[in-house]
Amino acid sequence: LLNTRLTLRSVAPWPHRKLVTPEQGKESVSVLRPLRSLKLLLTENTSPAQLALAGAVGVLLGTLPLIACHMIAILFVSSFFQLNKVAAVSSSQLCMPPIVPALCIEAGYFMRHGEFLTDISMETLGHQGLERIWEWFLGSLVLGPLFALIVGLLIYGLALFVKGRDVERV
């Protein structure tokens, strides 16, 4: 119970009594000041490498079949590794159904049966749902790291490009 309480307290943005006082001048996220909190979340940990890693983590966890738990898992992992939470959650939206889950199911089906799933009907999606979730999980173990690497490299390149343009303007 204590672990659950402390984990939820660290993830949830509502105010609570601090065990350690924050450093002077350092702002914190608060529900009472949403615009300042959003600005803080958008600018936290924004080096190109940290943004790329946050995007890769978001896509990696977004491919897994964590039905109705993606955002919780992404926020927990990005908080634990001190990554940009907005970038991680935003990049996970690239893995929304039906494209990425369908690719993962196809890859998992191919790994299990040696052929691609060609019959898509209510029988294959509805009645064989548990089998498809297992294939989704298997496919996401292969495609997840690949997609995460591609998205991480794209974000890193874009962040370097934008950072270089900002330096030229100053």
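This note sets out points on the fold, surface and cysteines of a predicted model.

1. Basis. Local features require pLDDT of at least 70 and side-chain atom pairs pLDDT 80 or more, whereas totals for chains, interfaces and linings use all residues. Residues are numbered from 1 along each chain as its sequence is written, and side-chain values use heavy atoms, with hydrogens and water left out.

2. Fold. The protein chain contains eight helices and zero strands, these being DSSP runs of H or I with at least four residues and of E with at least two. The radius of gyration, taken over C-alpha atoms, is 20 Å, well over the 15 Å from the globule rule for 170 residues, so the chain is more spread out than a compact globule. That rule is 2.2 Å times the number of residues to the power 0.38. The C-alpha atoms fill a box of roughly 60 × 50 × 20 Å along the principal axes.

3. Burial. Of the 170 residues, 30% are buried. Buried means under 20% relative accessible area, exposed over 50%, and partly exposed in between, with a 1.4 Å probe and protein chains only.

4. Cysteines. Which count of disulfides does a search of the whole structure give? The search finds zero, a disulfide being a pair of cysteine sulfur atoms within 2.5 Å. The sulfur of Cys69 lies 16 Å from the closest cysteine sulfur, in Cys95, which is too far for a bond. Cys95 is in no disulfide either, and its nearest cysteine sulfur, that of Cys104, is 7.6 Å away. Cys69 is partly exposed at 38% relative accessible area, while Cys95 is buried at 6%.
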